[in-house]
Structures are given as structure tokens and as C-alpha cells.
Amino acid sequence: MQSLEPLTILIAEDSAADRMLLSSIVRRQGHNVLTAANGAEAVETFRQQQPHLVLMDAMMPVMDGFEAARQIKLLAGETLVPIIFLTSLTESEALARCLEAGGDDFLAKPYNPVILAAKIKAMDRLRRLQATVLQQRDLIGRHHDYLLNEQRVAKAVFDKVAHSGCLNAPNIRYLQSPYALFNGDLLLAAFTPAGDMHVLLGDFTGHGLPAAVGAMPLAEVFYGMTAKGYGLSETLREMNAKLKRILPVDMFCCATLLCLSFQRRSVEVWNGGMPDGYLHSIATGERKPLTARHLPLGVLSPQTFNDRTEVFPMAVGDRVFLLSDGVIDTCDGNEQLFGVDRLQQVFAANRQPDALFGEIKQALRNFGGEARDDVSMVEVSLLEATQLTPPALVYSDSGQSCPLDWSVNFEFRAETLKRFNPLPYLLQLLLEVHGLRAQSGSLYSVLAELYSNALEHGVLGLDSSLKRDASGFARYYQLRNERLEGLQDGFVRVHLQVTPEGKGGCLVVRVEDSGKGFDVARVLERPLDGVRLSGRGVSLVRQLGRNASWSDEGRCARVEFSWEALA
Amino acid sequence: MADTHLDPNVLSALQEVMEDEYPELLDTFIRDSEERLKLLQNYADAMQLRDAAHSFKGSSSNMGAIRLAELCHELEQRANQKSLAGIEKLVGEIDGEFAIVRPLYEAEKQRSLSE
Amino acid sequence: MSVNAEVSQDGKKLTISIKGRFDFAKHQEFRESYERHNGGKMPNSVVVDLKEATYLDSSALGMLLLLRDHAGGDNSDIRVVNSNSDVRKILAISNFDKLFNVT
């Protein structure tokens, strides 16, 4: 038999002879012995000496063994102090009493030293086990606190990265459940220089710290590129490349990206691995699912990554609704999933579009919302462009040196047109001119409009009247991709000229294309139309810039921007 | 009812455990038992009688006084059932049994001291 | 064992079968199932049999990516077979059927 470490054992027994006998047996087994002749003495001795184990006679004067056991167990608290009742009780009711009172075992009289030794050993094993459990629990508790603190710090850093976003814009409503201190879900929104809005709903594999670590570089790319005026495709390529490079092979980020254009009244969508989003048309009531057509970010190499987006028209008041799979996967008590069907039911029952968000929240709560995953939802509406105020761009230079008299010519040819968006660079260049900074939004919008007209209608020969309805929209963009991919010849030339004018200055922008041109007179005759989906580009240029004119049968567009002396 | 007044195996086991304290144990038991007998003869109520009998039963069995333990068990049962009619006879038997085993313990004590 | 790996007679095909929930708990077993064969050398083609798999989550998708990376990345030949409708749906939403041959 393995030898036990000596324990301190309290023997509470009123019969002197039995007490003496038991003490000898226990001492002989290598333990230290404390004795008590009644229950009250036993409790007091326990309180003072804290023995490891107690042998308790059931019947004692002053305070019986049951009461003494109850009190000792209370005093012991979390620590396990095994109590072995000494009894010649044979009735099962009496034995049950022993256990109820907190006894862990009992030893019958006459005492059998062999059995007693075995019971002491067994009880000691239990005692040690409990001690280990408590120790580990405390250790785990401390580690957990460290982890929570680390996450808190990381979250603070993360929030700084995310602060430049515009989630508080009036057209955005969102919900993120605080399942983990960090959500694996990422929700970003930012304005482009043109006043369009980019929105990203992402879901990293995993939760907590691993998910958040990937979120930060992603957010930086998103905000950085959006602010510079890059489109969705370029931003997606960059985000994918970055994640592919820095994340381990088995980590990736499912994401849906949107570009809402209030001026062009359209939404551009890219969905990689997220559940269906929904485009809700107020006029028809239809909810079009925006299905994942791509792999998540961070899986494919830059060469194989697909940045193809889909474009849909939107009217004022229409909304796009995105959700993470946490909504679908919300469970009730019977492990039933909320599921897409229930979501569709909420959609169908909805009468007030503004109330939809709240109705979904309520449905999830009613369902028995024990969130199994992170729940994130966002609803973005198309408002009138005038209802939104994008924040002013912040410039980091001192404002002292600034190029005031210069010009530049670019010619972008077929191969470049296919894979390069020059607009961010052109804008950066122009923003070196301080006088133009206040008009950066208009500037970007006009440049973008002229460039896209030159490319799409000019070089690619696309007819903008195709975009008169939803299916036409889809066809238009499909054709655009096809023709762009197959482009062999053609060019877009951009000429920029900045000259001083009194205390201020003037910028002349000229954009030419190699296309067939259009009937300028006819288009200019049309009234400035705020509702139609196509043909709005010309109006825009005329409204935002000065002295807009078209020449060379429509192949050359010219517009001016000017500014007064700066304060 | 068993014939054994004192179980020798129990005694030798006790001696092995107690070693030098064996004689003291025997003494303690004898004194203890005298007290208990007094309690049995002057009980206040049935419950007290039952508890006293129970206790005496326990130590007797520990000390190998088999028949004594069984008599105490019977007394315990009767007291528990509150059938106290003629209980003095049973107490008398216990008294008598102790009178038999007591000199046996004394002798055992002497024997162990002279080893 | 809930992850079972078998190599064909000619050593050219490895079949990995998953039983029960294909989630993070199976991470270790899954990796070992393909890392330990042929002295670490991967066979030409791999089949992941999900006939008895009840559920698939994003960590399972991650594990499939690890397998694919180990089997040669873009040059790998991995088939995911016998998926039930729930599993098939998950593979479809994540568009993983573009990376793996799913049946």
C-alpha cells in the first residue's frame, strides 16, 4: 500500500474506550490525532486547528454528530473536509441521515483498522482532488481576467482605427450584439470624396482576439482607399491581397461590400461568403436577395481573386439590408435555428419599412434568443444627396506651398483602361492646390462622371439608355465588363490646367475619348431631370462645375472650377 | 444468542493496535461500562435509554464482548419501540453479562502486563 | 475515431472520412490524418467524405483550406463528396465549391 502523507484527523467520539482505540488505530497509520468528546468540542477544535479529516460519532451528548457535521461543513466552505461517521446504526434511514448531514462515508462498529485505513485513503484522494479543482479554477479565473484585459486594450486600439467611419450617418441603422468583448463581425462605413458611401459588413473566422487582429489592417485599407476615392473593386483587391498575405491559411474574412451612390442612385455589391443581403425596393415591395458569388477575402491569391461587382438601381427611400450568419444561426431552447424562412416571414409581415429593423430584433428575441454567434445587422437607405453631409477632408500639410500655375496631360490607353483607375491619383494631384480643397467633393464627382462617360459611352460604346430599369442595369454592367475585357484600342485623355486668377485661381478640366461622340445639342436640351436613372451625368457636370461644354461631336468635355482668395 | 462472552481474536487485534496502551484501554472500557450501566438503570425516558443502550452496544462490540453487545442491541430495539414493560429484566441480564466479562478483562489485563 | 484516413492500394488517393460535427474540436485529428501518411508526402488526389458529417462550421472551412494548401494549393485535386443538404448549403454560400470539387 502506498504510504499517505500524514494527515491531521479529528476524532469525535463520546465513549472514552472507543475514542482511545480509534486514536491508536489512526496514530498507528501515521497520522496526527485530535480528539473531542462531544459535538460542540468537535466544532470548536475544528475551528481552531483545521484538521484535514473528521471521524465523527453520530450519537454524542451536548451536540450530536449530525449537527456538528453541518457546522463543520459550513466552516470548511469551499474546501473539502471529509467526514466519516462512526456508527452502529444499521437502519437505512439513519444512514441516510449521515449523508444528509454532510457525511461523506461511514465506518461501522466494531472498528476494522484495515477498512478504516482504506476509507481514510479514499477520502484523502477526494480531498486532494477538490483542492486541485479549486486551484485550477482560480488559475483559470486569473488567466481569464488577463485575457479580458488584453482584449480590452486591443479593442481600444481597434476603435481608434475605426473612428474615422461614418456609422452614425442618418441613413445607417445597425445592431451588433456584444457576444464576445470583440465581435468576429466587422462593420465599417465611410464616404468617398464624391459623397458616395462605402459599407462593409465582415465576419472573420473565429471570435475574439484572432478575429480582431485581422480586422485592423482590413479597416485601414478600407478607410484609406475609400477616402482617396478608390472604387470597390480596387479596394477589394487590396483587402484580399493584404489578408491573404498576413493571415494564416485557415483564416479568412467573409464580407459584403456596398457602394451606395446617392447621385447616381445605384448600389454596387460584392458578396464573398456572407448570407444573402436584401435590396428592398419601396415602390414594388420586392426584396431582391444579394447572394454571395465570391469566396471570402483572404483565400485566393491576387492573381485568381475576382473583384467583379453587381450594380442595381435604387430609388430614394430604398434600402439595403445586410446580416451576419449569427442572425440565421440564432438558436432557441430546442436547438432549432431561426433560419432564412423565419426571416422571410418577418419581411413579409412588415408594413412600415422604418420598423423592419426593430421587428427583426423583436422576432429574434421572441424566438428565444440565445445568440450562438455574433449577431450583426445593418440597414442602409438611399437618401437625397442633400440630406447627407460627408465630413470635410483633413489635410496634413502646412498650407504654405502650393502649385498655382501648371498643366498636365494624360493619355490612358486600352491596356491601362482595363486595369487602372486614375481618379484617385488625379484627385490627389488636384488637392495639392489649396483653393480646390473646399470643392473636393464636387471635383471628384465631376471627374468621375466625365471619366466614366468617356470610358463607358465613348470608348466602350455603351448606351446609357439601357439603364432605364433594373434588368437593363444588370445587362449594362455585364456588357461593360465584357467590352472592357476585350478592349484592344481606344483612349481617354485627361488634361488639367491650373492658372491664377486675381487673388484666386481657375482649374480647367478637359476629358476626351476615342469614341463616336453623341448628339450634344439634344442632350443639353433635356431638362435637368432628377428622377431618371440614365443620362444624369451631363446634368451633374453642369450643376457642379462652371461653364461646362462639349465639343468635337461630344467626344471632348470641358468644365471649369474656380476659387477666390483663401481667407 | 451467541455463546461468546469475549472474542479472543478481537482481543489480540486490539492488543496489536494498542501495544503498550492495551492495558489502559481495557481499564478505560471497564470504567466506561460502569458509568453506562448506571445510566441504564436510572434512565429518564425511553429515548435516553435507547441512546445509552446504543452507545454501550458500540463500545462492547469494539471490545469483543459479543453477547453483551447483542443484549444491548435488544434493549435498544425495545426502547425504540417504547415497549418498556418488563425492561428491568433485560437490564438485569446486561448487568449479569457484564459481571461475567469484567473479570475476564481483568485477567486479560494482568496477562498482558506480565508479558 | 471520428476522423478516418485511408490510402488506396496504389498509394495515389487518400480518403478522409469525417463523422459527426466537423468543427474546431476535430482540428488536431484532421491535420494528423493527412500529415502522417506516406512519410508526410501527399498522394496525388484527396477525397474528403462527409457522408456521416452532420455539421460544418467556419473552422471546418479553414481546415479544408489547410488541407488544400498542404496538397499543393492551386495544383491540388481535392474532392468533397457525399455532403448532405445542410453541408452543401454552407459550401455554396461560402463559394467553396469554386475551390473544391463538391458532390
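Predicted model: local features only at pLDDT ≥ 70, side-chain atom pairs only at ≥ 80, totals over all residues.
Leaving aside residues up to four places away in sequence, L218(A) touches L186(A), G202(A), M239(A), L243(A) and C253(A). In soluble globular proteins, nonpolar side chains tend to be buried together.

Two helices of chain A, α2 (residues 39–49) and α3 (residues 65–76), pack with their axes 8 Å apart and at an angle of about 15 degrees. Angles under 35 degrees count as roughly parallel, so α2(A) is roughly parallel to α3(A). The crossing of the two helices, α2(A) and α3(A), is right-handed. On the α2(A) side the contact is made by G39(A), A42(A), V43(A), F46(A) and R47(A). On the α3(A) side, G65(A), E67(A), A68(A), Q71(A), I72(A) and L75(A) take part. By type, the residues of this contact between α2(A) and α3(A) comprise six nonpolar, three polar and two charged.

Between the chains, 15 residues of chain A are in contact with 18 residues of chain B. Helix α1 of chain A, residues 16–28, gives the most to the side of chain A that touches chain B, with eight residues. That side of chain A divides into nine nonpolar, three polar and three charged residues.

Conventions
Residues numbered from 1 in each chain as written. Chains lettered and ligands numbered in written order. Axes fitted to C-alpha atoms, helices over the stretch in contact; angles between N-to-C directions. Helix = DSSP H or I, 4+ residues; strand = E, 2+ residues; numbered from the N terminus. Parallel < 35°, antiparallel > 145°, perpendicular 65-115°, else oblique. Left-handed = near helix turned anticlockwise from the far one by under 90°. Contact = placed C-beta atoms within 7 Å. Nonpolar A, V, L, I, M, F, W, Y, C, P; charged D, E, K, R; others polar.
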